[in-house]
Amino acid sequence: MKAVYKGLVLLAVVTLIEVFFSLLGKGHIISGAEDYKWLIILTAVIILVLSVYKAYFIIYEFMHMKYEAPGLSKTVLLPMFLLVWAIIAFFWEGNDWNKRRTLIKNKNNEQIDDSSQKQMGMDVRILKEEDFQ
């Protein structure tokens with residue numbers, strides 16, 4: 001029972017540290033901190049590392065994975081890493097789609113003046129049957 005409380009206290013402390021860094025990155029602890037991009041990136045990395053640590057601790061302690069055979073623990077960890085990779089890939093792809101959609105929307109809203117339309121049509125001609133012989 002003592003190990004359970006020790007684990008809960010550890011998880012609570014790590015969660016409080018995550019909340020502190022989250023508030024710090026949003027500028028609630030130090031005003032103007034949200035203007036520094038490096039601070040936001042640093043807080044994001046710290047929160048990510050602490051979250052992965054909490055997941056590791058929960059899986060290995062509370063789910064008793066550290067007492068299992070190494071092969072079984074690897075069959076749990078490998079899909080988790082693949083899931084994390086898939087989430088990163090989907091966000092990356094979604095961001096690319098968003099950029100392309102914005103580019104296409106801007107191109108569609110672009111106005112073309114009459115002089116450029118006449119110039120673009122100069123090299124167009126109607127094909128005749130002789131062109132195919």
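Glu18 and Lys54 are both buried in this predicted model. Glu18 is found in helix α1, and Lys54 is found in helix α2. Glu18 counts as buried because its relative accessibility is 9%, and the cut-off for buried is under 20%. Lys54 has a relative accessibility of 17%, so Lys54 counts as buried too.

What do the side chains of Glu18 and Lys54 form where they meet? They form a salt bridge, with a distance of 2.9 Å from N to O. This pair joins distant parts of the chain, since Glu18 in helix α1 and Lys54 in helix α2 are 36 residues apart. Side chains of opposite charge can pair when their charged atoms come close.

The surroundings of the two residues can be listed as well. Leaving out neighbours up to four places away in sequence, Lys54 touches Leu11, Val14, Thr15 and Glu18. With neighbours within four places again set aside, Glu18 is in contact with Ile47, Leu50, Ser51 and Lys54.

**The other salt bridge**

How many salt bridges does a search of the whole structure find? The search finds 2. Besides the pair of Glu18 and Lys54, there is a salt bridge between Arg100 and Asp96, whose closest N and O atoms are 3.1 Å apart. Arg100 and Asp96 both lie in helix α3. They are 4 residues apart, which is about one turn of the helix. Asp96 counts as partly exposed because its relative accessibility is 28%, a value that falls between the limits of 20% for buried and 50% for exposed.

**The chain as a whole**

The protein chain contains 4 helices and 0 strands. Read from the N terminus, the order of its elements is α-α-α-α. Helix α1 covers residues 2-26 and helix α2 covers residues 37-62, while helix α3 covers residues 70-108.

The chain has 133 residues, and 14% of them count as buried. Among contacts with a separation of 6 or more, 49% are between residues 24 or more positions apart. The chain exposes about 11800 Å², and carbon and sulfur atoms supply 68% of this area.

**A nonpolar patch and a pocket**

Part of the surface is a nonpolar patch of about 710 Å². The residues that make the patch are Met1, Val4, Tyr5, Leu8, Ile58, Phe62 and Met63. Helices α1 and α2 are the elements that give two or more residues to the nonpolar patch. Which of the elements supplies the largest share? The largest share is 3 residues, and these come from α1.

Met63 is placed in the loop between α2 and α3. Met63 counts as exposed because its relative accessibility is 52%, and the cut-off for exposed is over 50%.

The largest pocket holds about 200 Å³ of space. Its lining consists of Leu48, Ser51, Val52, Ala55, Met80, Phe81, Val84 and Ile88. The elements that give two or more residues to this lining are α2 and α3. Ser51, one of the lining residues, is also among the contacts of Glu18.

**Two further residues**

His64 is found in the loop between α2 and α3. Most residues other than glycine have a negative phi. The phi of His64, however, is positive, with a value near 60°. His64 counts as partly exposed because its relative accessibility is 45%.

Trp38 lies in helix α2. Is Trp38 buried or exposed? Trp38 is exposed, as its relative accessible area is 57%. Trp38 and Gly25 are 13 residues apart along the chain, and their C-alpha atoms are separated by 9.8 Å.

The table gathers the relative accessibility of the residues discussed here.

| Residue | Relative accessibility | Class |
|---|---|---|
| Glu18 | 9% | buried |
| Lys54 | 17% | buried |
| Asp96 | 28% | partly exposed |
| His64 | 45% | partly exposed |
| Met63 | 52% | exposed |
| Trp38 | 57% | exposed |

Terms used:
Residues numbered from 1 in each chain as written. Predicted model: local features only at pLDDT ≥ 70, side-chain atom pairs only at ≥ 80, totals over all residues. Heavy atoms only, no water. Buried < 20%, exposed > 50% of the residue type's maximum accessible area, 1.4 Å probe, protein only. Contact = heavy atoms within 4.5 Å. Areas by Shrake-Rupley, 256 points an atom, 1.4 Å probe, with all protein chains shown as cover. Patch = residues over 30% accessible without salt bridge, like charges linked within 9 Å, V, L, I, M, F, W, Y side chains within 5 Å. Salt bridge = Lys/Arg side-chain N within 4 Å of Asp/Glu carboxyl O. 1 Å grid on protein atoms, 1.4 Å probe; cavity = no way out; pocket = protein on both sides within 12 Å on 5 of 7 lines; lining within 4 Å. Points joined across faces, edges and corners; volume = space filled by probe spheres on them.
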